[in-house]
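Please look over the sequence and the model shown below before reading on.

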Amino acid sequence: METKSENLCFDGVQGVYAHASDTTGCEMTFGLYLPPQARDGKVPVLWYLSGLTCTHENAMTKAGAQAWAAEYGMAVVFPDTSPRGDGVADDEAYDLGQGAGFYVNASEDPWAPHFRMWDYIASDLPTLLFEAFPLDFERQAITGHSMGGHGALTLAMTYPAVYRSASAFAPIANPTESDWGRKQFAAYLGADEAGWAAHDATRLMEAHGHPGHILIDQGGADQFLDLLKPEALSAAMTARRQPHSFRMQAGYDHSYFFVSSFMEDHIAFHAEALGL
């Protein structure tokens, strides 16, 4: 692992690191915020998964998570959204290829050799982090924005024993019924739609939900509402009687101005679930 940078931040350390990933077959970069409490022992960790076109840097510099993470004593991981580099497949469209991994394991060419972001987030990166840093494996939570909200919810519902709590900012909530999903799933996973449901938060909610409380914030003026389909997930949570808070925030759009406005609430939500 290579240290790219480390900066003092709210008396903790905001680091950026790179490592060779066997899962994606290329170098991957991630951000990790360690709060000051990490000097005295292991701390809980919140995973933050970013959206389309983002790298590890967007949320790390724009979401404002570090101030609240330092207050509660929580680490925050900011992974990249896809494999990158020479030899990694890409597409001219912003919503496919590099920057648009969609947190799935691709089975189709030309994506299959590198686009294995599901395994990277669920297994590869955690293995590295829990060996190298003072993080508490037993206390993990997950959140994300847009495509990352999709990833956070699907990972949380697939591995409920790993993630004690889950939240999302404007998640792609029903990708099997949206152009932000159908296009990518067909490219990465193939034409057989039977395999797509495992990566659709609404379908997973209908199937088994999550044992914890789920927090969703959605901007009421989000320019991508028709692609996100929040009403489908809201209906599925209500029908299942899933403990949840679904908040439609009037006037807010899809930007990091929206995310940063409610980050304190999400950190506090996860802190409670993690026993902080």
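This is a predicted model: local features need pLDDT of at least 70, side-chain atom pairs count only at pLDDT 80 or more; totals for chains, interfaces and linings use all residues.

**Helix pairs**

Two packed helices are described by the angle between their axes and the distance between the axes. Helix H3, which spans residues 117-132, and helix H4, which spans residues 147-158, pack at an angle of about 55°, with 12 Å between their axes. H3 is therefore oblique to H4, and the crossing in which H3 passes H4 is right-handed. On the H3 side the contact involves Trp-118, Ile-121 and Ala-122, which meet Thr-154, Leu-155 and Thr-158 of H4. Sorted by class, the residues of this contact of H3 with H4 are four nonpolar and two polar, with no charged residue.

A second pair is formed by helix H2 (residues 65-72) and helix H9 (residues 256-273), whose axes come within 9 Å and cross at roughly 30°. Because angles under 35 degrees count as roughly parallel, H2 and H9 are described as roughly parallel to each other. H2 passes H9 in a right-handed crossing. The residues that make the contact are Ala-65, Trp-68, Ala-69 and Tyr-72 from H2, together with Met-263, Glu-264, Ile-267, Ala-268 and Ala-271 from H9. The contact of H2 with H9 has eight nonpolar residues, one charged residue and no polar residues.

**The nonpolar core**

In soluble globular proteins, nonpolar side chains tend to be buried together. In this model the largest nonpolar core has 85 residues, and those with the most contacts inside it are Leu-32, Tyr-48, Leu-129, Ile-142, Leu-153 and Tyr-188. When neighbours within four places in sequence are left aside, Tyr-48 is in contact with a set of residues that includes Ala-59, Val-76, Val-77, Phe-78 and Pro-79, as well as Thr-143, Gly-144 and His-145. Phe-169, Tyr-256, Val-259 and Met-263 are also among the contacts of Tyr-48.

**Individual residues in helices**

Which residues does His-266 contact beyond its neighbours within four places in sequence? His-266 is found in helix H9 and counts as buried, at 1% relative accessibility. Leaving those neighbours aside, His-266 is in contact with Thr-143, Ser-167, Ala-168, Phe-169, Leu-215 and Asp-217.

Phe-258 also has its place in helix H9, and at 0% relative accessibility Phe-258 counts as buried. Apart from neighbours within four places in sequence, its contacts are Phe-169, Ala-170, Asp-217, Gln-218, Gly-219, Gln-249, Tyr-252 and Asp-253.

Phe-130 is found in helix H3. Because buried means under 20% relative accessible area, Phe-130, at 19% relative accessibility, counts as buried. Not counting residues up to four places away in sequence, Phe-130 touches Val-45, Leu-135, Asp-136, Phe-137 and Gln-140.

**Individual residues in loops**

Leu-52 lies in the loop between strand S4 (43-49) and helix H1 (57-62), and Leu-52 is buried, with a relative accessible area of 11%. With neighbours within four places in sequence set aside, Leu-52 is in contact with Tyr-94, Asp-95, Gly-99, Ala-100, Phe-102, Met-147 and Trp-180.

Phe-10 is found in the loop between strand S1 (2-9) and strand S2 (12-21) and is exposed, with a relative accessible area of 52%. Arg-241 has its place in the loop between helix H8 (230-240) and strand S9 (244-249), and at 76% relative accessibility Arg-241 counts as exposed.

A cis peptide bond, with omega about 0°, joins Asp-109 and Pro-110. Pro-110 lies in the loop between strand S5 (75-79) and H3.

**Sequence and spatial separations**

The table gives C-alpha separations for some residue pairs.

| Residue pair | Separation in sequence | C-alpha to C-alpha distance |
|---|---|---|
| Phe-130 and Lys-42 | 88 residues | 9.6 Å |
| Leu-52 and Gly-220 | 168 residues | 20 Å |
| Phe-258 and His-208 | 50 residues | 30 Å |

Conventions. Residues are numbered from 1 along each chain as its sequence is written. Side-chain values use heavy atoms; hydrogens and water are left out. Axes are lines fitted to C-alpha atoms, for helices over the stretch in contact, and angles run from 0 to 180 degrees between N-to-C directions. Helices (H or I, at least four residues) and strands (E, at least two) are DSSP runs, numbered from the N terminus. Angles under 35 degrees count as roughly parallel, over 145 as roughly antiparallel, 65 to 115 as roughly perpendicular and the rest as oblique. A crossing is left-handed if the near helix is turned anticlockwise from the far one by less than a right angle, and right-handed if clockwise. Contact means heavy atoms within 4.5 Å. Ala, Val, Leu, Ile, Met, Phe, Trp, Tyr, Cys and Pro count as nonpolar, Asp, Glu, Lys and Arg as charged, and the others, Gly among them, as polar. A nonpolar core is a set of buried Ala, Val, Leu, Ile, Met, Phe, Trp, Tyr and Cys residues joined through side-chain atoms within 4.5 Å. Buried means under 20% relative accessible area, exposed over 50%, partly exposed in between (1.4 Å probe, protein chains only).
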